[in-house]
Each structure stands twice: as structure tokens, then as C-alpha cells.
Amino acid sequence: MATLLSNPQRRPPLLRQAIKIRRRRVRDLQDPLPQMETKPPSHHLSPEERALLYEEALYTVLHRLGQPEPTHVTEASELLQYLQEAFHMEPEEHQKTLQRVRELQKPIFCLKATVKQAKGILGKDVSGFSDPYCLLGIEQGVGVPGGSPGARRRQKAVVRHTIPEDQTHRTQVISQTLNPVWDETFILEFEDITNANFHLDMWDLDTVESVRQKLGELTDLHGLRRIFKEARKDKGQDDFLGNVVLRLQDLRCREDQWYPLEPCTETYPDRGQCHLQFQLIHKRRATAASRSQPSYTVHLHLLQQLVSHEVTQHQTGSTSWDGSLSPQATTILFLHAMQKDLSDFHQSMAQWLAYSCLYQSLEFPSGCLLHPITSIEYQWIQGRLKAEQREELATSFQSLLAYGLSLIRRFRSVFPLSVSDSPARLQSLLRVLVQMCKMKAFRELCPDSAPLSQLVTEALRTGTVEWFHLKQQHHQPMVQGMLEAGKALLSLVQDIVGDLQQCQRTWNKIFLNALKIDLFSAAFLELQWLVAKRAKDHTAAVGSPVSPEMGESLFQLYISLKELCQLHPAPLERDGVLALDGFHCWFQPAIPSWLQKTYSVALARVQRAVQMDQLVPLGELTKHSTSAVDLSTCFAQISHTARQLDWPDPEEAFMITVKFVEDTCRLALVYCSLIKTRARELSAGQKDQAQAANMLCVVVNDMEQLRLVIGKLPTQLSWETLEQRVGAVLEQGQLQNTLHAQLQGALAGLSHEIRTGVRTLAEQLEVGIAKHIQKLVGVRESVPPEDSSDPALDPHAHGAGGGGCLPAQLMSGFKQAEDCPAEPGDLLPCRRLWPAAQGPVHNHFPGRFFGGTCPQALQRDLELQAASSRELIQRYFCSRIQQQEETTSEELGAVTVKASYRASEQKLRVELLSASSLLPLDSNGSSDPFVQLTLEPRHEFPELAARETQKHKKDLHPLFDETFEFLVSAEPCRKAGACLLLTVLDHDTLGADDLEGEAFLPLCEVPGVTGSEEPGEVPQTRLPLTYPTPNGDPILQLLESRKGDREAQAFVRLRRQRAKQASQHAPRAGQ
């Protein structure tokens, strides 16, 4: 049999091809896009255009080919229903159109087959290689291949035996290779997809060669065997390499796979693979749109219509479209692109033009534009476009850029922060514009376009100015007047401050990341110029003097401008000069009005507070009344006003501070006068002397509270900072002579008022106390002293504040009683007076019973009563530390520790070595000891939790050898009472743990605490265990009486628990 090339009569029909396309990329380069309009297409179609497009979409669904994609819709009815909704067709109109489309002529069905390459084919030549080529075509009118022998042979039949020569297509011959690459595309027509098979045969081309040529190509024994085989066959006969047979109805609309080459016989079953691409397409579609318009234009309109419908559907459901099409729309668009044989570049162009046009009229994510941008950039070559097409694409670029810049110019209203996804939407838009401007297509088609950063900067500047004028117009007052104009300007400045804060917090980061644009600096520089001009004009129009109402408005404007200036970015542009520099000078005429208004408001509040005060203590622990609290608030408000003002000029700031101090001191003296007058008004006609004394005590406490508040003025008004600012302006000592002199004068006046009040209270009580002492001294011994007490001695009769005067009177009474002579057989007057005073003293100092006769005990108790709860807790630990130092006996056992402090790390290191001679607290004659380590008092070390060692089973001499570190500064460790509390406990599984004993290590004695040097060798410390005082501690009793103090009650409960545990084992301790 002759070869295909050796018979010239058969060669032309065999090599004839219906359509042959070399490489797809080459085709895309040579085949230009369809001609389009120069302006961006609108997604609004006329009724006639919509009707033609609807017909085209229905035709696409009705003549669908291939198996559906996994994510596509399979049912045609569902796609038709979707098209009816997308095109807003009435049911009757839809049925008429559908029936008309069904009557249209069917298209010519084609299989677009691309033979890409093959690998691992057989080597048929003497050289061990082959010269492969492919024959392919479609076999019509055959049944479904089955498993019968006849069907099997039919399937393995070669192309030349099954397909007519005029329907057979051939690839090029690739010489001497086992991995040929063709990349050739063919269009194969067929009528019925259900009974059509695709056939491809691969052959090795053999040409007539001499024996000498073949021997020259010989490389091994296999080659020699091939020479003998060639000798037996006809000259020039091609060798069969394998074939591929596929049913068209099994193919998807688009396929891209490697297929194995099947043999005709069982010899050499592994014949390699062939890479094939398939696409089921249409030719000669009968629709009017396909006949009259380019495929690209029709697909673009269909895409716009479906995307518009998708966006509208989401808006109807009050949801935003995320950019993903529904399965129905995706299926229809895919089928249309495949049937119309649109290339990927055509589809990307259509998607870009459709989306970029729709984005300017419909609301959907700008991120949908990124995919077509990327696709166009990847496939872009300018030569494939005609001039009209380049102009259309350039117009779409310029249109979207202009629209994007308009959105950026109005970003404050288009992307409000009240909508959560606004920052993400703006960021997406900037990303699209950046990617678009980086495209080769954009640079080639829009060469005159300015850099994007420059365009965006100018848009932001223009938008900021426009936003300012809109805000100014919004705040324009309805009634013309200086006061109304001031309020409008104040509202405008406050809006500007809020906008700049939003720019600083949110927007600036977005523009910096996308384009390296400092939005905040640009906006600040524009707005401060606009604000400065209007503020300066307004303050100049106000003039002088300034009314109180206008002064209040100007003060709020001054504060807002000060807040605006504090936002300025650094470094500043425009030579560092701001229009708002020195803006405080515009407000100088209003300073007297501000100071007068501050004093007037404070004075009115003080007068109102005193008038409403009933001179009753606020609570058990608070001895002053309501007016003292209101006065403290007034002073805090004055200090706050001074801090708000913070006048920039040092010399003027000093004078303003002097005025504030002067007004504060004057208010203090006015308050003293008013509160005394109020006390006289309330006590006038008061028959109860104790009630009058109570009011006087409250007055004294109010003035003492006022004195404490006045003493804080240097801190509240930042005198130290002021002194540093005015150091170069004022003479040395002027600040001391002025401000401090004012303060000391006010404090001296308050001290005088307090002493006067105390003296008045003492005079009221002195007469009654003296009479009672004389009476008490003369009472017989048979009369119980407790029955001789007078109500005048009861401190509760004088109110909570009377406690400050009663002890002095009692001490004076003790002295008088000691000087009185005693009758034979009577008690000494001092000893008789003490039990008589014991009742009222016990009532005034609950929890403590005085049985001594020495007044020093009263003095000590008075000191305890005056101490706060935390001071009492500190004293308690001081006493326990002293008890620890005095304890030498180890009858309860002992613990051995090593403690050191490293100032560089601020760490207290505790090594708990061991415990010894512990008491056996379990029934088995042993204990299960462990140790708790806490730093006390707890209020000095609130952040440090207690630590525990491991529990040792049945061990009276446990060896712990554990190290603990506490992160603590040295300052609290140096305080009196600061200690490391080591609580040794016996662990009980079922009940509460038993107390073995406590040990206290004073922290001030730990090496490294007092000095700055790091400790060297740390010595061991052996601490005997101790028990709490069995008869109760006076400090704990006093703390227990303070029912309203939670901290005191918690501390007492813990110490009572330890004392109770100790009492349970006290007999054992004595053994």
C-alpha cells in the first residue's frame, strides 16, 4: 500500500480541511476584535434591542450542546424561567417568543477540536523516533459503542476506513520525536450529537529510503529489527501509533484533557497520550441578532442585561450584590460564549466594558472589575485592535477613571463611616484604579493621563473645599446676628475637627497604603486656611467689650480651634506656617468676660449649695456636709476651665492664673462666711444644745475639707509647668511672691476660721463637762460610776464632728480630777471618773473597753481611732513582726528561707528551703504540710497573688527547696509593716486545712531592698512559727467595728479564721 504522500492523485482530497486554525494565540493576535462604538455602551436597551437579545438568549438555551458543567444548571426550563424574569417578560409574550424561536432553523453544530501535543508515543523508525501526524474527523450515524466484539472492532477502526476522505483532516508531520507538539485547531461539523463519534488516528510517516540511509540511522538492535520489519511491508506504508475514539454526547461544552492512545491490537498496549481540547460551537445561527451584529457585541449586551438584573434583585431584597452571578446567569453566559466561539480575550473585554459601564450607574462592588483587568493585561497586545476599538477601550478607561475620581472627591458622603463596609469599598475602588492605571493597555491608549496619585490628590483637595462649603451652608443661621453667626461657626469648626479625626483614624491609612497619599495632612492644611479666615473675621466683628453670652460663644470657639490646632500633622508643609498660628490673639478682648463668667457661675453655685445645706454629715465615714462637696466641684470646674484655656502667651497666662487663684481664695472665704451664717440660721431657736453643737462640728469639718481642697491648687493649676514657661519673662521670685502668697493667705484665713469654730464648740461643752466632773467627784462610792455619767459626755450627742473636741475635754477633766482630794475609803477621783466616762468613750470608740486608770491608754486609742483601716492593718503587721522578733521558742516548729531583692529586675526572690519540728495535726500522728506565701499588707501588693509549695505527705520535717519570684518595686517593700507572710498549713482532703503556724519576714530587712547594689551571698533565715494572740487583738476589734468597710471586714474574717484554727491546737502547742 502506498504512503499518503506517495500517491499524488489521492493527496489533495485527503489533505483538504474545512477550517484549520494554526495556534490559538496566533489567531488571537491576527484576528481583531469586532468593531465597536467609540462611546461606552449603555446598559439601557431599546425595546427592539431587548426583543432581539431575548430571542438570542432563548436560542442559546434551546440549542444547548454537551454535558453540563458541575456548577451549571442542567434543566432548560429553569434557564428559560430565569430569562423571562431577567428580561421582565410577561408570560404570554414569553410563550410567543419561545414558540417563534423553536420554529427557527437550527444552527450548524460543530466540534472545535485542537490537537495540542502528545507524549510517550512509540518509536517506529530505525532511529528509535517517529515522524507522527494525526488524522481526525467525525463518524456520523453510528450507535453507542458497546462491549460486543463487533462494536469493539468498529471502535478500533482507523479514520481512513470509517470517515470519508472529504471529512478527514490532517495535522502537520513532526519529524523525529516521541513528544510532538502541534497546537492545531479544526472545525468539524456534525448533525446529531447522539450518534456521532470523534475519531483521531496517529500515524508515523514513512518515506522511501535506501538501505544505506537506514543503516546510517541504526543505533541499537531494536533498530536492526525495525529494518527487517520494514523490509517485509510495502514501501512507503505509514505505521499506526494509536487512536482516540470519543462519543460527542459524553463531552462537555468545553474539554481540555489528556487521552490515552488506544492500539488496534494487543501488542504495545501503552502507546502514549494525546492532549486534546474540544469546544462545541454553532455556525449560521438563525437569530436576527447573530445575523446583524458581531458576536462580541451581542455577548456584551447579554452580559449587561443579566448583571443589571442580578444587581436589581439584590437591591430589592435589601442586600448588596457581592459580584458573583447566579448559577442560571453563569450557565447562560457560558453557553452563549461557547456557542459563539468567543475567545477568552473577547469575553474579558466584554466583561470589562459591561462592568465598567454598569458600575457607574448601579451599586455593586468595584472588586468585580479586577478580574477583567487582570485578564486583559495578561492577553494584551495593542496590534490586535483597530483604531475604533482602541478608542472605545480608551474611552472606557477614561470614563471609569473620571467616575472613580468623582467618588473619591465625595468620599465623605459616598463612603460614610456609619456604614460598616465603607472603608473596604473605598479601598477596593482605589485598588481597581491603581491596577487599571498600571495596565499596559491604559498606558498605551491613554498616554497623556496624569499620574493617578496626582489626580487623586487634586480630587481630595477639591472635595475637601467642596465639603467645607456644603457644611458652611448647612450651618448658615436662619436669623442674622453675631451670636447666631458665632454658634454657626462653632458648629462648623466642630464638624471639621470630627472630620479630621476620622481622616486620621480611618481614611488616611487607606490612601497611604494604596497611593502613598497623606490625606490627613492635605485636608488639614486646606481646612485650617478656610477656618482661620472666618474665625478671624468673626472675632474682629465682635469687637469689645464682650457680653457674657458672646463671651461664652467665643470661649467654646476658642476651645474648638485649640483642639483643631492640636491635630496638626508634623512636619508641616508650606514652610511650616499655619493660618491658625497665633489665633489666641483674636480672643484677647474676651478674656475678662471669661474670667468674670467663671467666677459668677461658681459663686452662684456656692450660694445655692449653702442655702440647701442642712449641715448633716453625708455618712458614717464622711463627716462633712453637701455644700463642701459642691464647693469641691466648683473648684474642680475652675481648674478645668484654666486647663482648657491654657493661654499660649506666658506672661498673659501668668496673669490669668493669678486671677483664677484670687477668685478661688475669695470663694473660699465667702463660703466660710455663708456656712457660718447658715449654721446660725438653723440653730436659731434650737433648744437642743447637742443638736446645735452637732451643726457646729459639721461646719468645722466643712471648712477643714475646704482647706484640703485649696491646698491642691498648685497641682490642679499646674504651677510647676507655668513656672517653667514664665521663667524667661518674669523676675525671679515673682511667681513665689504672687501665687504662693495668695495661697498662704487663704490657708491662714481658713485655719483661723477652723480654730474659731473649734473654740466656740469647746466653749459650749466646757461648762457642762466641768459641772459633771464636780458632781462626779462628790458622789459616794456606793453609787456606781456608770450611773453617774451625764449625756453631755456622750459624743453622739454632739454629732460625728464632736468627736474631735470631746477627747480634749475629757483629758482636761482627768487633770481636774487628779487634783481633787479624796475622802477616806473612796476611790481616787481619777479612777472614779474613768468608769463614768467609760460608757460614752466605749460608744464613741466601739470594740475597745478601757479598764486602765491612765489617760495614756485613751490617747493611744484616740490615735487608733483616727487611723484609717489600711493604717490599722499596717500596724497589725508591725505588731506581728515585733512578735516574730521576740519569739525564740520553736515549740510550734520553724521554717528556713532565703530572700533577696534585685533592683535591676524589680524581683523579690524567695527560696523556701525547709520546715522542721512541725506539730502532728492528723490522727495518724503526722501532718501533710505545705506553705502559703503572701506579701502583706494586701493593699500594698494588690497585683501579687498568693503562692503555694508542694504538699508533702506525712512529714513533720519537710524539705521544700522551692523558689518563688515576685515582680514588685522596692518602694512598698520599704514601708513599715511590709512583710512576707509564711503560713504553714496541714492539708486535709475532706475538711479545711489546719494551721501549723505563721512566720513573718520583714521585707525591709531583705538584702537588696534598701540599697541599690545587687545582693551577694544571701544568708539563710530561720523563723519560729507563731500563733495569733489568743485573747483577741485591739486593732482587729477596732477594724471589726467598722461595718461599712469591706476591706476591713475581709481582713478581720481571715485573721479570725487563723485565730480559731490556732485555738483548736493550742493545747498541743503547750505540750
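Ser130 is buried, with a relative accessible area of 0%; buried means under 20% relative accessible area, exposed over 50% and partly exposed in between, for a 1.4 Å probe and protein chains only. The model is predicted: local features need pLDDT of at least 70, side-chain atom pairs count only at pLDDT 80 or more, and totals for chains, interfaces and linings use all residues. Residues are numbered from 1 along each chain as its sequence is written, and side-chain values use heavy atoms, with hydrogens and water left out.

**Around Ser130**
- Ser130 lies in the loop between β2 (108-119) and β3 (132-140). Strands (E, at least two residues) and helices (H or I, at least four) are DSSP runs, numbered from the N terminus.
- Its side chain reaches the backbone oxygen of Leu122 at 2.6 Å. The Ser130 side chain also reaches the backbone nitrogen of Lys124, at 2.8 Å.
- Leaving aside neighbours within four places in sequence, Ser130 is in contact with residues including Ile174, Thr177, Asp204 and Leu241. Contact means heavy atoms within 4.5 Å.

**The chain as a whole**
- Secondary structure comes to 37 helices and 17 strands.
- Of the 1071 residues in the chain, 48% are buried.
- Among contacts with a separation of 6 or more, 78% join residues 24 or more positions apart.

**Nonpolar cores**
- The largest nonpolar core has 171 residues. Such a core is a set of buried Ala, Val, Leu, Ile, Met, Phe, Trp, Tyr and Cys residues joined through side-chain atoms within 4.5 Å.
- Helix α25 (residues 650-683) gives the most to this core, with 13 residues.
- Trp352, Phe397, Met436, Leu561, Phe587 and Trp594 have the most contacts inside the core.
- Phe587 is in contact with Thr539, Leu554, Leu557, Tyr558, Leu561, Trp594 and Trp647, leaving aside neighbours within four places in sequence.
- A second, separate core has 40 residues, among them Phe930, Leu933, Leu980 and Leu982.

**Helix packing**
- Helix α20 (residues 482-515) and helix α21 (residues 519-542) have axes that come within 10 Å and cross at roughly 170°. Axes are lines fitted to C-alpha atoms, for helices over the stretch in contact, and angles run from 0 to 180 degrees between N-to-C directions.
- α20 and α21 are therefore roughly antiparallel. Angles over 145 degrees count as roughly antiparallel, under 35 as roughly parallel, 65 to 115 as roughly perpendicular and the rest as oblique.
- The contact of α20 with α21 has 18 nonpolar, 4 polar and 2 charged residues. Ala, Val, Leu, Ile, Met, Phe, Trp, Tyr, Cys and Pro count as nonpolar, Asp, Glu, Lys and Arg as charged, and the others, Gly among them, as polar.
- The axes of α22 (residues 548-565) and α23 (residues 591-612) come within 9 Å and cross at roughly 105°. That makes α22 roughly perpendicular to α23.
- Pro548, Gly551, Glu552, Leu554, Phe555 and Tyr558 in α22 meet Ser593, Trp594 and Lys597 in α23. By class, this contact has 5 nonpolar, 2 polar and 2 charged residues.
- In helix α14 (residues 370-379), the buried residues are Leu370, Pro372, Ile373, Ser375, Ile376 and Gln379. Their cover includes α13 (344-359) and α17 (422-438).

**Around Lys907**
- Lys907 is in strand β11 (residues 907-916). At 31% relative accessibility, Lys907 counts as partly exposed.
- Lys907 and Phe964 are 57 residues apart along the chain, and their C-alpha atoms are separated by 9.8 Å.
- Not counting residues up to four places away in sequence, Lys907 touches Ser900, Tyr901, Arg902, Glu965, Phe966, Leu967 and Val968.

Technical notes
A polar contact is a pair of N or O atoms within 3.5 Å; within protein, one must be able to donate a hydrogen and the other to accept it, and residues adjacent in sequence count only if both atoms are side-chain atoms.
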